[in-house]
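Hi,

Here is the structure I promised to pass on. Have a look at it first, and then read my notes below.

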Amino acid sequence: MQKLISYPLSIIYYLLFGATLVIFHPIQWVCFNIFGYQAHKKSVDALTFFLVANTYVLGTRYKIEHPERLPEGVPLIIAANHQSLYDITALGWFLRKVHPKFISKIELGKGIPSISYNLNHGGSVLINRKDAKQSLSAIKQMAEYIETNKRSAIIFPEGTRSLTGKPRPFAENGLKILCKYAPSAYMVPVTINNSWKMTRWGSFPMGLGNKLTLTIHEPFPIKEMPFETVFKRTEQAVTEAII
């Protein structure tokens with residue numbers, strides 16, 4: 001019955017989703033090209049607000065635990081598990097005060113209104129997962145960017161989405177590059193729960209009545225800490241809180 005009800009609600013959702021992307025694409029262009037970074041940042045904040053709000057049509061609810069833990073005025077490496085594309089909009093909106101930037105696959109860098117524009121102009125980087133050299137170079141660029149500008153890099157160390165919520169093993173390379181070239185950063189482990197249920201039936205129809213939870217674990221400085229310790233502590237914090 002729930003799946004049957006989801007069909008019309010999913011159609012409404014996708015209409016709202018598409019309209020939001022189309023409307024905010026020229027808004028971003030104007031903000032970025034005429035008024036600069038801060039105006040563009042505000043337009044992206046508004047975009048992510050509406051992308052999150054659109055999911056309310058599906059009965060989606062959100063809870064963010066311990067947002068007060070986020071340090072300000074220092075670069076942050078935010079490492080999270082990855083369950084669906086809805087992780088990205090939730091992180092973008094609820095962590096907006098720390099200027100989150102994404103390490104995203106290169107395929108998202110063209111052809112998608114609003115999303116592609118933000119990834120190309122908002123401080124994020126695009127990686128070709130088939131080209132290790134290009135990927136590591138882009139991640140180094142991101143690390144240097146957050147170190148200089150005191151902003152935040154969001155990375156999903158699993159490398160790809162977990163369609164069932166069960167975590168995949170973390171990969172070291174991306175985190176290692178971020179730690180090396182953003183030495184004054186704080187590591188912020190984040191656990192995402194129930195995002196995978198949004199796409200439990202695939203991209204259509206959508207899952208209904210889900211409560212997405214973002215848990216921010218205790219941040220810690222990476223300076224002078226062996227990478228092996230940083231990596232183990234981060235993976236353990238994220239994965240142990242997955243339910």
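Asn194 sits in the loop between E6 and E7. Its phi is near 75°, a positive value in a residue that isn't glycine. Keep in mind as you read that this is a predicted model. As for accessibility, Asn194 comes out at 16%, so it counts as buried, the cut-off being under 20%.

You'll find Lys150 in the loop between H5 and E5. At 40% relative accessibility, Lys150 counts as partly exposed.

The loop between E6 and E7 also holds Pro205. The peptide bond leading from Phe204 to Pro205 is cis, with omega near -5°. Phe204 turns up again in an aromatic cluster, together with Tyr7, Tyr13, Tyr14, Phe17 and Tyr86.

While we're on rings: the count comes to 13 aromatic pairs. One of them is Phe24 with Phe50, a tilted pair with 5.8 Å centre to centre and 40° between the planes. That pair links distant parts of the chain, since Phe24 belongs to helix H1 (residues 2–35) and Phe50 to helix H2 (residues 37–54), 26 residues apart.

Now for the helix pair I'd zoom in on, H5 and H6. Two packed helices are described by the angle between their axes and the distance between the axes. Here the axes of H5 and H6 come within 8 Å and cross at roughly 35°, and the crossing is right-handed. Which residues meet there? From H5 you have Leu136, Ile139, Lys140, Met142, Ala143, Glu144 and Glu147, and from H6 there are Asn173, Gly174, Ile177, Leu178 and Tyr181. Sorted by class, this contact has seven nonpolar, two polar and three charged residues.

H6 itself covers residues 173–181, and its buried residues are Gly174, Leu175, Ile177, Leu178 and Cys179. If you colour them in your viewer, remember that an α-helix has 3.6 residues a turn, so residues three or four places apart point the same way.

On to the nonpolar cores. There are 29 residues in the largest one, and Leu70, Ile78, Leu91, Leu95, Val188 and Val190 touch the most other members. E2, helix H3 (86–94), E6 and strand E7 (211–216) each supply at least two of its residues, and the largest share, four residues, comes from H3. A second, separate core has 27 residues, including Val125, Ala153, Ile155 and Phe227.

Leaving out residues up to four places away in sequence, Val188 touches Leu70, Leu76, Ile77, Ile78, Ala79, Ile216, His217 and Pro219.

Two last spots. His99 is in the loop between H3 and E3, and at 18% relative accessibility this histidine counts as buried. Apart from its neighbours within four places in sequence, His99 is in contact with Tyr37, Gln38, Lys41, Arg151 and Ser152. Then there is Asn33, in helix H1, which counts as partly exposed at 42% relative accessibility. How far apart are Asn33 and His121? In sequence they are 88 residues apart, and in space 9.9 Å, C-alpha to C-alpha.

That's my tour, so over to you.

Cheers

Definitions and conventions: Residues are numbered from 1 along each chain as its sequence is written. This is a predicted model: local features need pLDDT of at least 70, side-chain atom pairs count only at pLDDT 80 or more; totals for chains, interfaces and linings use all residues. Side-chain values use heavy atoms; hydrogens and water are left out. Buried means under 20% relative accessible area, exposed over 50%, partly exposed in between (1.4 Å probe, protein chains only). A nonpolar core is a set of buried Ala, Val, Leu, Ile, Met, Phe, Trp, Tyr and Cys residues joined through side-chain atoms within 4.5 Å. Contact means heavy atoms within 4.5 Å. Axes are lines fitted to C-alpha atoms, for helices over the stretch in contact, and angles run from 0 to 180 degrees between N-to-C directions. A crossing is left-handed if the near helix is turned anticlockwise from the far one by less than a right angle, and right-handed if clockwise. Ala, Val, Leu, Ile, Met, Phe, Trp, Tyr, Cys and Pro count as nonpolar, Asp, Glu, Lys and Arg as charged, and the others, Gly among them, as polar. Rings of Phe, Tyr and Trp (its six-membered ring) pair if their centres lie within 6.5 Å; planes under 30 degrees apart count as stacked, over 60 as edge-to-face and the rest as tilted.
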